[in-house]
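User: I would like to learn how to read charge pairs, ring pairs and surface patches from a set of coordinates. Please take each feature in general terms and then show the case here.

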Amino acid sequence: MVVTALDTDLDHFRRVTGDLELEIEEHTFEIPHLQVQGPRSRELLAGLTDADVASLRYFRFFPEPVTVAGVEGCWVSRTGYSGELGYEVFCPAAGAERLWQGLLDAGAHMGIRPYGLAAVESLRIEAGLIFLGYDYFQGVTSPFHMNLDRMIKLEKTDFIGRPALERELAAGITHRMVTLVIAGEEAPEYNTPVVRDGRHVGKLTSPSAGRSPTVERLIAMACIETALAVPQTQVEVVLGDGRTVPAIVDSYPIYDPEKTRPRA
């Protein structure tokens with residue numbers, strides 16, 4: 001089972017597996033998906049299923065479907081896009097509304113409520129989570145620029161894209177992803193240039209940089225020249241009217257770099 005972000009991924013999978021004896025089936029509209037994220041997500045989910053949620057390890061899933069909020073046939077994984085402890089629930093389409101209402105009702109009794117994309121954006125900038133279509137464009141953006149070296153195993157057997165990755169690594173990694181702490185309160189826009197001594201050295205990749213409610217600073221993710229991707233390096237961010245404001249390179253991610261929260 002593969003969960004992706006774009007419709008075009010299906011065409012890609014079929015194209016690169018054309019010489020293999022396999023069949024790829026699409027079930028996108030048959031399996032709605034909900035995320036239960038945050039410090040009390042385990043407590044909330046455990047109250048809605050007989051499955052042993054407490055035993056589910058980070059980045060694992062129950063190998064058999066379980067019942068959640070009275071909805072049978074749900075797949076539960078300990079994954080998510082928040083940088084916090086969390087779970088994802090995939091359910092049959094016929095039970096989606098009942099599952100949603102069950103989560104809402106149980107959450108209301110615990111003081112837990114739904115959150116939207118603005119909250120997700122804040123969380124993912126704090127946690128340094130890459131956003132496909134903003135930070136990364138497949139076939140265009142280098143995964144090395146996104147600090148994804150740990151995901152690339154060139155010592156393994158052949159795989160799609162390996163020659164291109166080997167060439168890029170041999171030529172040298174020119175850019176890296178960083179967190180910038182920006183002076184003032186004016187949030188720069190997506191793709192805002194980053195400069196140093198008047199020279200363009202990178203750009204912001206997060207669509208809506210803003211004040212982090214967790215670290216209480218104005219932060220953004222940016223892809224800048226490798227030599228400058230060192231904590232405490234000073235740069236400037238160009239605002240929409242041409243003014244520049246100081247910024248400083250900080251830890252990437254700036255919040256919980258060891259991912260102790262989602263592993264809790």
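**Salt bridges and burial**

Analyst: Glu166 counts as partly exposed, because its relative accessibility is 35%. Buried means under 20% relative accessible area, exposed over 50%, and partly exposed in between, with a 1.4 Å probe and protein chains only. This is a predicted model, in which local features need pLDDT of at least 70 and side-chain atom pairs count only at pLDDT 80 or more, while totals for chains, interfaces and linings use all residues. Residues are numbered from 1 along each chain as its sequence is written, and side-chain values use heavy atoms, with hydrogens and water left out.

User: Which residue does Glu166 meet in a salt bridge?

Analyst: A salt bridge is a side-chain nitrogen of Lys or Arg within 4 Å of a carboxyl oxygen of Asp or Glu. Here Glu166 meets Arg162, at 3.0 Å from N to O. Both residues belong to helix H5 (residues 162–171) and are 4 residues apart, about one turn of the helix. Helices (H or I, at least four residues) and strands (E, at least two) are DSSP runs, numbered from the N terminus. Arg162 is buried, with a relative accessible area of 17%.

User: How many salt bridges does a search of the whole structure find?

Analyst: The search gives 11 salt bridges. One of them joins Glu121 to Arg124, with the closest N and O atoms 3.2 Å apart. These two residues are separated by about one helical turn, because they are 3 residues apart in helix H4 (residues 117–127).

User: Are Glu121 and Arg124 buried or exposed?

Analyst: Glu121 is buried at 8% relative accessible area, and Arg124 is buried at 0%. For contrast, take Glu43 and Arg40, whose salt bridge has its closest N and O atoms 3.2 Å apart. Glu43 is partly exposed at 47%, and Arg40 is partly exposed at 38%.

User: How are ring pairs read?

Analyst: Rings of Phe, Tyr and Trp (its six-membered ring) pair if their centres lie within 6.5 Å; planes under 30 degrees apart count as stacked, over 60 as edge-to-face and the rest as tilted. In this structure, 4 aromatic pairs are found. Phe131 and Tyr134 form a tilted pair, because their planes are at 40°, with the ring centres 4.6 Å apart. Phe131 is partly exposed at 30% relative accessibility, and Tyr134 is partly exposed at 33%.

User: Which residues do ring pairs link into a cluster?

Analyst: The cluster consists of Tyr81, Phe131, Tyr134 and Tyr190.

User: Which residues gather in the patch of negative charge on the surface?

Analyst: Patches are made of residues with over 30% relative accessible area and no salt bridge, where like charges are joined within 9 Å and nonpolar side chains (Val, Leu, Ile, Met, Phe, Trp, Tyr) within 5 Å. The negative patch here gathers Asp7, Asp11, Glu23, Glu25, Glu26 and Glu30. Glu30 sits in the loop between helix H1 (8–16) and strand S1 (33–37), and is partly exposed at 47%.

User: What does the chain come to as a whole?

Analyst: The protein chain has 5 helices and 11 strands. Of its 264 residues, 39% count as buried. Its C-alpha trace spans about 60 × 50 × 30 Å along the principal axes.

Key. Accessible areas come from the Shrake-Rupley method with a 1.4 Å probe; for residues, only the protein chains shown count as cover. Lys and Arg count as positive and Asp and Glu as negative; His and the chain ends are not counted. The place of a charge is taken as NZ of Lys, CZ of Arg, CG of Asp or CD of Glu.
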